[in-house]
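This note sets out, point by point, what may be read from the model shown below. The points may be taken in order with the coordinates at hand.

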Amino acid sequence: MGLSEFRLASDNWSPHTDLDRVAAAHGEIWNRLQGSNILMTGATGTIGKWILEAILHANLRFGLNISVTVLSRDPQKAKGLVSNLQSSQHIKYIKGDIKNLQLPSYQVSYVIHGAAPTSDQAENLDQIEIFNAIVSGTKNLLEMTKTADTPRFLFLSSGAVYGPQPNDVLLEDESQMTAPDTTDPSYVYGEAKRAAEMLCSVYSSEFGIQPTIARIFAVVGPGMPLNKHFAIGNFISDYLCGRKIEILGTGKPIRSYLYLADVAYWLLKLLIDGAVGSAYNVGSEHALSLLDLAELVNTTLDGRGVVARGQAEKGPNPVRYVPSTAKARDELGLRESFTLQESIVRTAEWYRSIYT
């Protein structure tokens, strides 16, 4: 179904519609979080915003009285993320940086740690700063948390910790022993996330902190950057700008995408029920080449066609980047709620709605 037909069928659609769908199906999470105080870092990032909105949406719908403390270098920017003013009473803001955080004096029930340099920030940071921001920031938060009697600590890691996915490995699972190339500085982000994961494990062993690690793969949905290094965002941007969808490379790399409403729910489920000290992949197993993805975006949105430049792939871009989610599925019952076509249409619809 193309975008024009979708608009006629869903005049009242918004990302909150998706959050409502997820909230209604998974009420047990909200019951467990009722009355809790959650500390969040990285709330201004794409995934952090969806987690925050999911919590506040459920708060209003079910009257849960969940409070969220948001660490931000720019609280005014963070306040602008909340779409419903009624939610403001449930959010507290701490101005500061993850590298010099002081925990609030009141009891924190849960920690969701997602702070890391964004694409925009990384462009202005050298590799040492990127590494330190992730590793030192995580260490500082763990130091603060070890004396706070916090029962659960969710660390938002990345599928980049595995390094390049071997061509014969169709789905990368959590037992995979591959790693980023430590002699190649372009892998600094994945290696920093890997080191931060180790810190979580050490602090769990030494101080009883209860971490769960979420290794997040590629995502899609409203709010994701359209002008960065995310292929699906670039393709949707081409469509919205009235251009042919352009593939700069060969189109051969393989990717998969999980819709951001699902990502938010999966992460909250990991926060509540993920095994302590364990890592879980968060992503989709439905793989396709970037060329096929471009064709799917074009067909789904009734676009102007696809053009492939065929240039050689550059940088640490894996040929294949697809997780196994069997562990999350078998242990926690996690499933995808949205097809890739639904995700594409919703993302394009959201961006069109805010710019028209």
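1. Helices here are DSSP runs of H or I with at least four residues, and they are numbered from the N terminus. The model under review is a predicted one. By this convention asparagine 132 belongs to helix H7, which covers residues 127-145. Relative accessibility for asparagine 132 is 35%, so the residue counts as partly exposed. Leaving aside residues up to four places away in sequence, asparagine 132 touches Lys99 and Gly137. Between asparagine 132 and alanine 116 the C-alpha to C-alpha distance is 9.8 Å, with 16 residues separating them in sequence.

2. On the chain as a whole, the secondary structure comprises 13 helices and 14 strands. The protein chain has 356 residues, of which 53% count as buried. Among contacts with a separation of 6 or more in the protein chain, 82% are between residues 24 or more positions apart.

3. Leucine 154 has threonine 212 in S6 as its bridge partner.

4. How many of the residues of S6 are buried? Six of its six residues are buried, and the strand is described as mostly covered. In a regular strand the side chains alternate between the two faces of the sheet. In S6, Pro211, Ile213 and Arg215 point one way, while Thr212, Ala214 and Ile216 point the other way, and all are buried.

5. The packing of two helices may be considered separately. Two packed helices are described by the angle between their axes and the distance between the axes. For helix H4 (residues 46-62) and helix H10 (residues 260-273), the angle is about 70 degrees and the axes lie 9 Å apart. Angles of 65 to 115 degrees count as roughly perpendicular, and H4 and H10 are therefore roughly perpendicular to each other. On the H4 side the contact involves Thr46, Ile47, Trp50, Ile51, Ala54 and Ile55, and these meet Leu260, Ala261, Val263, Ala264, Leu267 and Leu268 in H10. By class, this contact of H4 with H10 has eleven nonpolar residues, one polar residue and no charged residues.

6. Helix H13 (residues 340-355) has 16 residues. From its first C-alpha to its last, H13 reaches 23 Å, close to the 22 Å expected at 1.5 Å a residue. The buried residues of H13 are Leu340, Ser343, Ile344, Val345, Arg346, Thr347, Ala348, Glu349 and Tyr351.

7. A three-stranded open sheet has the order S12-S9-S14 and mixed pairing. Strand S12 (288-289) and strand S14 (320-321) are at its edges and have a single partner strand each, so one side of each is left without a neighbour in the sheet. Strand S9 (residues 254-255) runs parallel to S14, and two bridges join them. Isoleucine 254 has arginine 320 in S14 as its bridge partner.

8. Asparagine 65 is not a glycine, yet has a positive phi of about 55 degrees; asparagine 65 lies in the loop between H4 and strand S2 (67-72). Aspartate 302, likewise not a glycine, has a positive phi of about 55 degrees. The loop holding aspartate 302 runs between helix H11 (290-300) and strand S13 (306-308).

Conventions
Residues are numbered from 1 along each chain as its sequence is written. This is a predicted model: local features need pLDDT of at least 70, side-chain atom pairs count only at pLDDT 80 or more; totals for chains, interfaces and linings use all residues. Side-chain values use heavy atoms; hydrogens and water are left out. Axes are lines fitted to C-alpha atoms, for helices over the stretch in contact, and angles run from 0 to 180 degrees between N-to-C directions. Angles under 35 degrees count as roughly parallel, over 145 as roughly antiparallel, 65 to 115 as roughly perpendicular and the rest as oblique. Contact means heavy atoms within 4.5 Å. Ala, Val, Leu, Ile, Met, Phe, Trp, Tyr, Cys and Pro count as nonpolar, Asp, Glu, Lys and Arg as charged, and the others, Gly among them, as polar. The expected span of a helix is 1.5 Å times one less than its number of residues. Buried means under 20% relative accessible area, exposed over 50%, partly exposed in between (1.4 Å probe, protein chains only). Two strands pair if DSSP finds at least two bridges between them.
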